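Please read this briefing alongside the sequence and the structure.

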Amino acid sequence: MIQVLLRFSLMLCLAWSSHAQQRVAPGTIIKDCADCPELLVIPAGSFTMGSSAAEQVLAVQSGLTETLTRRESPQYQVSIRSFAAGRYAISKGEFAAFVRAKGYQTEAERGNGCAVWNGKGYNRDAAYNWRNVGFAQADNHPAVCVSWNDAQAYIGWLNQSSGQTYRLLSEAEREYAARGGSQSAFWSGDSISTAQANYGGTGPSYNGSPKGEWRQATVAVNSFSPNPFGLYNVHGNVWEWVEDCWHDNYTGAPTDGSAWTTGCSGNSQVARGGSWESYPVETRSAHRGLLGSGNRRNNIGLRLARTLHAQSLTSNAISSIAGPPLEIAFAYVGPIGDGGWTYAHELGRKAIEKEFGDKVKISFTENVPESADAERVFRDMASQGNKLIFGTTFGYMEPMLKIALDFKDVKFEHATGFKQADNMRTYDSRTYEGAYMAGVIAGKMTKTNTLGVVASIPIPEVIRNINSFTLGAQSSNPKVKTKVVWVNGWFDPPKETQAATSLINGGADVLFQNTDSPAVLKTAEAKGKRAFGLDSDMSAYAPKAHLGSAVTLWGPYYIEATRQALNGSWKGDTGVWWGVKEGAIDLVSIAKDVPADTKTRIAEIKKGLSDGSFVIWKGPITDNTGKVQIAKDAVADDNFLNGMNFYVKGVEGNIPGKQEEEKQRIEKQRIEKQEEEKQRIEKQRIEKQRIEKQRIEKQQEEKQRIEYAEEFPFYAVITCGKHFPVHACFSGRVNTELELLNGNEYKMYTLIDIMQIPQDQGGISFNLRNKFEIKMQNSDDSLVLNLKIYNRANQQIVFEKSATRFGVIRISN
């Protein structure tokens with residue numbers, strides 16, 4: 001502890017001892033006082049501000065109007081000086097300290113309250129303010145119902161109490177900080193998911209963003225992963241005020257990153273980031289929000305910044321030079337000393353530590369069974385603060401998936417599985433490539449032409465390795481056959497020894513294994529036979545028997561996955577399958593007595609697997625019943641390999657459970673055929689009834705249509721922009737929202753009336769008689785109100801008009 005303090009003090013002394021070293025490194029955390037927000041130093045740089053034409057097209061397809069997207073242009077280059085930005089949005093607890101100290105009343109408390117979302121729109125209510133926002137909030141949630149004017153009052157108090165100069169971010173700083181060095185729509189890429197941010201995940205998608213949940217409330221300010229600059233929740237959760245006043249586009253905007261506060265358009269300010277209520281298109285880095293300075297809603301908050309001045313930074317203000325380490329956990333199915341599978345993963349874990357040092361903190365748990373107990377282990381790991389968790393065996397798939405759905409801010413990695421989620425992905429190694437190369441040597445070294453495999457559990461991964469080993473052996477010796485003994489477990493040295501002994505007694509003189517311990521290799525040496533190691537280099541366990549080890553090198557993948565988690569580019573709901581090409585599979589420590597031409601052949605196979613010129617699973621390939629599984633010159637795809645459930649020609653016996661499965665399949669087919677025939681007869685009867693019913697209904701519908709068309713020859717359709725509810729254009733700012741004289745019937749519709757009218761395809765419609773009159777006014781300053789009148793008889797538009805920004809539409813006939 002003393003050494004750590006001395007080292008930290010020395011770092012501070014070096015940082016402040018000379019004028020030349022007064023710059024603070026990007027990533028430094030600053031906290032000026034107990035009530036001051038935690039700031040992060042953002043690096044200087046330049047970027048292209050605004051959205052590209054391609055991004056704007058996607059935005060329109062996702063529900064924005066062209067008017068809204070034009071606000072994000074023209075794109076221009078901005079240079080940003082290093083500054084400090086709030087690591088988080090200002091929390092409710094931080095804002096409460098200001099209110100207590102100053103006895104301050106927000107504009108919502110002094111006026112007519114805060115606007116809260118009621119499921120259809122925002123209604124202002126005096127009962128709501130930053131203390132009561134319409135949903136549950138803890139102190140670590142962002143402060144909302146805070147106007148731009150309230151934000152300035154908070155900043156004034158903070159500057160007075162801290163002696164520093166805090167401010168809101170400029171609009172350019174906010175976009176630069178949100179991007180985190182990227183030019184994509186979001187810092188993490190060109191799409192986003194609700195596992196990465198808090199927004200309306202059930203709304204229209206943006207660029208293929210998956211549908212997700214709509215939490216309908218804020219979440220804690222430190223939720224989800226930070227962006228590469230270390231900032232949290234730059235997309236969604238709450239809109240954040242910036243210093244700039246509103247301009248309709250970027251023509252004439254400052255290029256030095258400063259706030260644009262002259263030539264403003266009305267008494268309006270800019271907000272950035274989107275919120276918990278926004279669609280994903282509104283949470284993009286480039287999207288801009290237009291709000292009055294007195295506007296307060298339960299989805300608007302703030303994030304602070306301050307300019308860096310060397311004289312204003314003290315050693316007491318700097319709490320950390322590098323943020324907290326990424327906490328990582330590994331679950332192992334066996335002991336790390338098994339010499340095989342788990343040991344290989346342990347070497348991969350150590351590779352992470354070597355690569356990233358104190359940027360990571362790693363723990364592991366050995367001997368985690370593939371049972372319900374695995375769920376408990378994963379839950380404990382997630383609850384203890386680990387943000388990246390690796391499960392290293394197939395049987396962890398279901399327990400890990402269940403926990404991943406409960407801990408959406410944690411990244412989960414599952415080895416050899418196939419189920420994924422927004423925060424869970426899969427990884428595997430092409431162990432069959434190593435098995436094939438081992439087979440090439442086995443075919444050359446056998447004297448009895450009988451090979452043996454000690455197999456673990458009959459899943460496609462293991463069956464694929466048995467078959468690949470056999471194919472490799474047949475390529476160098478067409479006479480070989482392969483015997484298999486299953487032990488129904490991954491790590492069970494006594495059973496592995498018994499199985500190896502049984503194979504040797506049956507005539508096998510070269511053994512391969514798909515189990516985790518070196519027991520098979522040791523047994524081969526004791527019996528004077530030859531064998532291969534698997535997963536790790538096992539040559540030291542039985543040097544006389546050892547022909548080579550088909551190893552899996554997990555280090556490259558583990559390093560890449562950790563790097564992605566650290567820099568924010570990690571994405572779930574996907575999978576990788578690495579092999580020789582990626583440096584994940586190799587055949588090592590080949591025995592000296594293996595012929596030179598065979599060693600040359602192994603080198604050629606490795607090269608071919610790396611550059612794609614050699615394919616193991618290329619037809620013709622038949623199974624051990626004579627059935628063609630892969631036709632001549634056809635190449636098996638990964639789906640085929642991942643579903644393998646047959647032995648190739650040359651492997652003796654049957655896969656456990658296969659015969660019983662075949663009987664069950666035939667019986668199931670018979671029952672299904674009977675059921676299909678019954679269903680066919682019943683379907684014919686129902687179809688006859690349906691046709692007759694349809695005929696009668698059609699007659700009735702035609703009669704009603706004629707009568708209806710005579711009474712209501714026209715109908716009107718009212719829409720508001722694209723994908724926006726009609727009531728968005730009617731805000732209640734005018735006394736008359738919509739007037740309709742329909743024949744002799746007159747009605748004036750208020751905003752409440754409009755909200756209660758069912759919507760169809762984004763609009764509301766009215767049936768119109770021969771004589772009608774319509775009057776309505778657009779109360780929104782950014783959306784377009786549209787009216788179309790249709791002739792019911794021919795469905796032709798007889799009248800069409802749009803109203804923008806407070807425009808009025810009148811029509812009568």
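Helices (H or I, at least four residues) and strands (E, at least two) are DSSP runs, numbered from the N terminus. The model is predicted, so local features need pLDDT of at least 70 and side-chain atom pairs count only at pLDDT 80 or more, while totals for chains, interfaces and linings use all residues. Residues are numbered from 1 along each chain as its sequence is written, and side-chain values use heavy atoms, with hydrogens and water left out.

**The chain as a whole**

- The chain contains 19 helices and 36 strands, and its C-alpha trace spans about 100 × 95 × 45 Å along the principal axes.
- Of its 813 residues, 51% count as buried, where buried means under 20% relative accessible area, exposed over 50%, and partly exposed in between (1.4 Å probe, protein chains only).
- Among contacts (heavy atoms within 4.5 Å) between residues at least 6 apart in sequence, 69% join residues at least 24 apart.

**The largest pocket**

- On a 1 Å grid over the protein atoms alone, a pocket is an open set of points with protein on both sides within 12 Å along at least five of seven lines, whereas a cavity is a set where a 1.4 Å probe fits but cannot get out; lining residues have an atom within 4 Å of a point.
- The largest pocket has a volume of about 1,600 Å³, a volume being the space filled by probe spheres set on the points, which are joined across faces, edges and corners.
- Of the 50 residues that line this pocket, Tyr122, Arg297, Ala728, Asp780 and Leu783 are the closest to its centre.
- Strand S11 (288-292) is one of the elements that supply at least two lining residues, as are strand S6 (114-117), strand S7 (122-125) and helix H19 (751-756); S11 gives the most, with 5 residues.
- The lining divides into 19 nonpolar, 20 polar and 11 charged residues, with Ala, Val, Leu, Ile, Met, Phe, Trp, Tyr, Cys and Pro counted as nonpolar, Asp, Glu, Lys and Arg as charged, and the others, Gly among them, as polar.

**Enclosed cavities**

- Among the 14 residues lining the largest cavity, Trp187, Gln196, Ser225, Val234 and His235 lie nearest its centre, and the lining has no charged residues.
- The second largest cavity holds about 70 Å³ of space, and its lining includes Glu171 and Ala172 together with Met49, Tyr76 and Asp244.

**Helix H7**

- Helix H7 (residues 171-179) is largely enclosed by the rest of the structure, because 9 of its 9 residues are buried.
- Gly180, which follows H7, has a positive phi, near 60 degrees.

- A nonpolar core is a set of buried Ala, Val, Leu, Ile, Met, Phe, Trp, Tyr and Cys residues joined through side-chain atoms within 4.5 Å.
- The largest such core has 50 residues, and Ile466, Phe469, Phe532 and Trp617 have the most contacts inside it; helix H11 (residues 431-445) provides the largest share, 9 residues.
- Apart from it lies another core of 43 residues, which includes Phe378 and Ala415.
- Gly391, found in strand S17 (residues 388-391), is buried with a relative accessible area of 0%, and the residues it touches include Phe378, Glu413 and Ala415.
- Gly391 and Glu413 are 22 residues apart in sequence, and their C-alpha atoms are 6.2 Å apart in space.

Key. Lists of a residue's contacts leave out its neighbours within four places in sequence.
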